[in-house]
Amino acid sequence: MSALLRVENLHTHVVLKDQTIKAVNGVSFSVAPGEIVGVAGESGSGKTLTGMSIIGLTQSPIKIISGNIQLDGDDLRSASPETLRKLRGQKIAMVFQDPMMTLNPVLRIDVQMMEMINAHEKVSKSEARTRCVTALAKVGIPEPERRLHQYPHELSGGMRQRVAIATAMLLSPKLIIADEPTTALDVTVQAQILKEMQALCKENGTALIWITHDLAVLAQIADRIVIMYDGKIVETGTAKQILLKPKHTYTQSLLASLPKAAPDADKGKHIVTDSAPTLIKLTNVHKTFGKQSGLLGKFAQRLRLTTAPLITDAVIDANIDIKRGEIFALVGESGSGKSTLGRLACGLLQPTGGRVEYNGVESFRPKTQNAKQARLAVQMVFQDPQSSLNPRMRVLDIIGQAPLAHGLVSRANLEDYVSKQLERVGLDISIKDRFPHEFSGGQRQRISIARALAVNPKVLILDEAIASLDVSIQAKILNLLAKLRNELELTYIFISHDLGVVEHISDRVAVMQKGRIVETGPTREIFANPKHIYTQTLLNDVPRIDALNHI
Amino acid sequence: MNPRLSRFAKAYFDDKIALAGFIGVVVLILLAIFAPLIAPQNPYDLAQLTIVDGRLPPGSEGTTGIYYLLGTDEQGRDMLSAILYGLRTSLIVGIVSVMLALVIGGVIGLISGYVGGWVDAFIMRTVDLQLSIPTILVALILLATLGKGIDKIIIALVVAQWAIFVRIARAAVLVEKEKDYIAAAQCQALGRWRILFTQLAPNCVSPLIVMAAISVAGAISLEATLSFLGLGVPITRPSLGLLISNGFEYLLSGRYWISTFPGLALVVVIVCINLVGDRLSDVLNPRLDT
Amino acid sequence: MIGFLSKRLAQSLLVMLIMSALVFVAVFAIGNPVDVLIDPRATQAEINAAMKALGLDQPFWMQYKTFLANLVKGDVGNSWVYNESALKIMMQRLPATLELAISALVIAIVVGIPLGAYAGLKPDTPSARFIMGSSILSFSVPAFWVGLMLIVIFGVKLHWLPIAGRGETISVFGIPFSFLTLDGLSHLILPAFTLSLSRIGMVIRLVRSGVREVLGQDYIKFARAKGLKESRIVRVHVLKNALIPVITVMGADFAGLLTFAVVTETVFAWPGMGKLIIDSIAMLDRPMIVAYLMVTVLIFILVNFIVDVLYAVIDPRISLTGAKS
């Protein structure tokens with residue numbers, strides 16, 4: 001079978017004023033008609049720019065320096081801009097990562113779909129419309145007629161991504177490039193879209209290039225996998241070969257750092273016994289956002305001085321016991337209330353109803369005795385390493401401010417104290433005078449951990465603390481956390497959407513859906529034998545390497 | 001030097017036009033400060049003026065031997081000296097009024113955004129109301145009420161400008177206070193005022209500085225306009241605007257220099273400050289800051 | 001829609017009420033008008049009689065009550081100088097000012113949008129740099145000085161254009177307009193351009209930054225990936241999004257344009273409200289000042305209403321109830 005797409009020795013550089021980044025540095029691969037090829041790599045591996053180069057959407061300062069791109073007999077590199085434009089949409093299409101951003105917010109769906117047909121074919125309005133309806137129906141959108149009249153903001157994220165996919169498929173292109181199309185979606189939606197796309201491609205004989213950081217997703221969908229690192233392809237092979245018998249050390253390390261519930265991953269979960277004392281206890285905790293207005297507020301709303309607040313229940317009737325020394329995981333999709341629950345457990349938020357106790361006392365209520373001690377005892381590490389460090393403070397102040405303010409250390413000993421914290425999280429003590437922007441995501445997360453530990457906490461709440469990091473870095477941070485836990489006898493509350501990691505590290509787990517805890521229990525039991533229907537779907541939809549179910 | 005500052009300076013001076021603007025502003029400020037030493041005469045000292053030298057064109061020599069580079073007005077006042085002293089008045093009015101508006105508005109905005117609730121609602125309604133009235137109208141009414149005088153015009157300009165700083169500071173606080181470093185600080189049981197002034201405030205300064213730079217030019221321009229309308233500084237201490245106004249009637253009869261040169265000086269001042277402000281907003285713009 | 005209208009109306013009334021109080025306090029504070037109006041050699045009895053005639057002997061809050069009651073009837077009193085209904089005099093001057101302000105707005109939009117779009121689409125070209133440089137100049141140079149220079153160049157030196165007054169006007173529905181006659185149009189050009197200058201710069205900057213921001217969005221990449229023609233991408237996808245802030249900002253700024261006409265009208269002796277208000281402030285003619293302010297506030301409310309409706313029409317994310325989804 002001759003190849004549909006052939007990429008030979010592609011070099012794409014980012015040309016900046018003072019430096020040139022060789023983002024794609026000699027990439028060659030091919031895609032057969034109807035084949036699904038996964039391109040995997042960590043951030044900065046050049047996978048996205050490879051996709052953009054193929055479809056010819058690179059823009060200054062990104063330049064294709066050299067290489068050959070042949071698509072179905074057309075030479076894309078030497079084609080005129082007008083020829084390229086005609087090929088885009090007809091022979092090759094693209095779907096992007098963030099469905100919130102790929103549709104124009106001020107244009108109706110029908111305008112955005114029909115303009116695609118009109119750009120390439122002369123068809124009547126009614127025929128174009130019929131084709132849009134069919135396309136939407138094919139990607140599983142209910143009431144496609146009605147959707148056509150709507151604006152993007154009226155659709156959910158999953159729906160919007162389906163609209164984008166339907167649009168890409170309107171003219172039955174030979175090749176679709178999908179750049180992380182499900183990364184921004186919840187796992188259950190991701191699972192549906194994966195299935196739908198796979199079916200559509202097989203049905204129409206469309207080839208698909210699926211760009212992702214997530215090897216587990218590729219295990220679900222890809223025929224072949226290309227692994228990229230630092231602008232180069234390090235390994236190519238069938239999905240089975242790559243995932244089960246990786247040859248290149250980089251692929252091996254990528255796979256190794258993926259958390260798997262392997263039997264050898266037992267790391268002393270038995271430390272915690274039932275007799276261990278309860279450290280944090282949540283009883284019938286309720287949290288609503290948007291305060292009920294008082295009399296004055298209602299009057300102001302009447303006069304439209306303020307708008308009426310929207311009232312949402314973020315957490316409904318939560319009951320949790322967290323015992324000393326355990327790793328307690330909170331899982332759920334976005335909007336399930338897991339982060340809110342975490343913030344309630346450390347006193348960042350006050351519950352609307354119910355009790356939050358630390359060591360048997362309701363000590364997070366403002367102005368209670370020992371409130372400060374309780375607060376310091378429960379520290380938090382946040383998801384986004386960009387925003388969790390104050391950009392205008394030096395590392396020394398970031399870590400040292402609170403210990404100094406609370407008298408844990410004197411100003412004279414501050415430098416030494418901070419050095420000790422930095423060493424503990426595996427950072428060089430010479431970075432004390434530097435600012436956050438000088439560090440990588442992983443380093444920032446280490447600084448965040450050091451800051452939390454600097455006030456000698458007993459409990460660490462990790463709110464998606466590794467979610468924004470590359471997998472290889474994730475593994476390192478997880479190792480650090482395991483080490484610190486042993487050294488400092490810490491208790492962790494681990495908040496995550498990533499079931500693989502949770503299964504790997506936690507002792508007990510609570511599953512949340514729409515503000516409620518639907519199921520709680522020892523991790524092994526929940527994963528082996530989920531009782532609640534939601535937990536079952538959730539577990540079923542998680543992409544797994546060991547599944548390879550389509551082969 | 002502080003690495004942040006040197007990085008900022010490097011980014012700022014990367015642009016030649018911005019460098020020119022910066023040098024221009026520095027030179028203008030120096031000229032204003034040392035006006036009494038540089039100016040050939042003290043334009044406000046009537047004893048130094050010679051009426052017979054009135055309305056001489058640029059480049060004339062006066063009866064007492066003074067060389068009038070930019071000509072004289074109807075009272076025989078050297079225009080160069082008048083411009084240097086007028087520059088002084090204009091810069092003082094512009095810089096002082098913006099500094100006051102910045103401090104007052106900035107602090108109110110920080111507190112408003114941070115505290116939230118009713119305090120915030122009240123402050124913001126007041127600010128909205130104030131901002132819905134055009135600045136020049138606010139200044140017109142105030143000056144009609146207060147009368148003439150440098151202190152009066154400074155008050156009028158502060159009242160006309162404080163609200164925009166409230167809004168900018170508040171907008172910055174609302175963005176910053178949602179960031180996790182603030183949650184982290186709260187987690188570490190730091191006091192709320194400590195968090196406001198050590199953590200939040202420094203991160204809200206950039207947009208305020210940009211606005212202040214642009215506002216100084218706006219304030220100088222507004223003062224000139226008000227003086228032109230006869231509502232600004234007193235005739236005894238003319239600003240550039242008043243000098244232009246005084247020369248207005250001679251403009252039509254061909255004695256262009258009495259009005260044109262102060263006007264050119266005013267334009268140079270405003271353009272230089274705006275160049276600096278524009279570059280600052282490019283360099284400090286958080287969206288471009290990676 | 002009806003709910004929206006009634007809410008807007010209530011809001012507007014509230015704003016009018018607050019504004020009337022502010023206006024009253026401000027105007028009340030402007031010196032004692034009797035000092036200006038009456039012969040300085042008048043006796044105390046004459047002064048008292050004059051104050052009584054103007055209602056100035058009443059306590060402050062009584063004066064406000066009378067003021068408010070009259071205001072509801074559309075009466076702000078007679079001008080102390082012209083001895084005629086102040087509101088009527090203002091309304092006679094209003095069309096001239098509106099004509100000037102609207103002409104300036106049209107010039108700003110017609111000139112500003114294409115230049116701003118060009119600067120946004122091709123940011124690194126020399127002409128784009130030139131446009132941006134000029135835009136700084138255009139809103140930083142004081143308008144009155146530009147007006148003076150234009151008078152010197154086009155009026156005094158070149159004798160191309162007239163420099164004062166409205167010229168010949170034609171009445172439509174009893175309202176005189178300048179732009180309908182060649183003479184009137186020639187009188188309008190310089191003041192309208194002077195007034196529009198700062199707004200041209202503003203429009204250029206708004207459009208440029210809007211275009212630059214939109215160009216980086218994923219939906220533009222997606223539109224390119226769909227194989228759309230570049231002209232359609234710019235026309236439909238880029239401009240529609242980029243122009244939304246222009247509408248809001250320029251709408252909110254219209255009141256500013258109206259008041260700024262004060263300066264232009266003074267320079268070009270344009271017989272509008274602005275010229276009148278400056279004279280009235282100098283004469284401490286309270287009813288005139290009140291009339292001016294109330295007319296301005298009314299226009300301001302009206303324009304904001306139009307902008308809100310326009311905004312909701314253009315941006316589907318905004319519903320007329322004001323909620324952003």
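## Contacts between chain C and chain A

Two residues are in contact when they have heavy atoms within 4.5 Å. By that rule, 26 residues of chain C are in contact with 32 residues of chain A. The model is predicted, and the values below are computed from it.

How large is the area buried between chain C and chain A? The value is about 2,600 Å², and carbon and sulfur atoms give 62% of it. On the chain C side, Phe222(C), Lys226(C) and Pro316(C) supply 25% of the area that this chain buries against chain A, more than any other three residues.

The interface of chain C and chain A holds 2 salt bridges. One of them is formed by Arg232(C) with Glu115(A), where the closest N and O atoms are 2.6 Å apart. This pair counts as a salt bridge because the rule asks for a side-chain nitrogen of Lys or Arg within 4 Å of a carboxyl oxygen of Asp or Glu. Between chain C and chain A there are also 10 residue pairs in polar contact, with both residues at pLDDT 80 or more.

Which elements of chain C each supply at least two residues of the side that touches chain A? They are helix H1 (2-29), helix H9 (218-225) and helix H10 (230-268). By class, the residues on this side of chain C are 9 nonpolar, 7 polar and 10 charged.

## Chain C as a whole

Chain C has 12 helices and 2 strands. Read from the N terminus, the order of its elements is α-α-α-α-α-α-α-β-β-α-α-α-α-α. Along the principal axes, the C-alpha atoms of chain C fill a box of roughly 85 × 55 × 35 Å.

Chain C has 325 residues, and 48% of them count as buried. Its accessible surface comes to about 14,900 Å², with 69% belonging to carbon and sulfur atoms. Among contacts in chain C between residues at least 6 apart in sequence, 72% join residues at least 24 apart.

## Contacts between chain A and chain B

Chain A also meets chain B, in a contact that takes 34 residues from chain A and 24 residues from chain B. Together the two chains bury about 2,500 Å², of which 54% is on carbon and sulfur atoms. In chain A, the residues that lose the most area to chain B are Ser387(A), Arg392(A) and Gln401(A), together 24% of what that side buries.

The rule finds 1 salt bridge across the interface of chain A and chain B. Asp180(B) forms a salt bridge with Arg343(A), and the closest N and O atoms of this pair are 3.3 Å apart. On the side of chain A that touches chain B, two or more residues come from each of several elements, including helix H12 (295-302), strand E15 (378-381) and helix H17 (441-453). This side of chain A has 17 nonpolar, 10 polar and 7 charged residues.

## One residue of chain A

Lys86(A) is found in helix H2 (residues 81-90) of chain A. Is Lys86(A) buried, exposed or partly exposed? Its relative accessibility is 43%, so Lys86(A) counts as partly exposed. From Lys86(A) to Thr283(A) the separation is 197 residues in sequence and 62 Å in space, C-alpha to C-alpha.

Notes: Residues numbered from 1 in each chain as written. Chains lettered and ligands numbered in written order. Predicted model: local features only at pLDDT ≥ 70, side-chain atom pairs only at ≥ 80, totals over all residues. Heavy atoms only, no water. Buried area = accessible area lost by both parts, 1.4 Å probe. Polar contact = N/O pair within 3.5 Å; in protein donor to acceptor, adjacent residues only side chain to side chain. Helix = DSSP H or I, 4+ residues; strand = E, 2+ residues; numbered from the N terminus. Nonpolar A, V, L, I, M, F, W, Y, C, P; charged D, E, K, R; others polar. Buried < 20%, exposed > 50% of the residue type's maximum accessible area, 1.4 Å probe, protein only. Areas by Shrake-Rupley, 256 points an atom, 1.4 Å probe, with all protein chains shown as cover.
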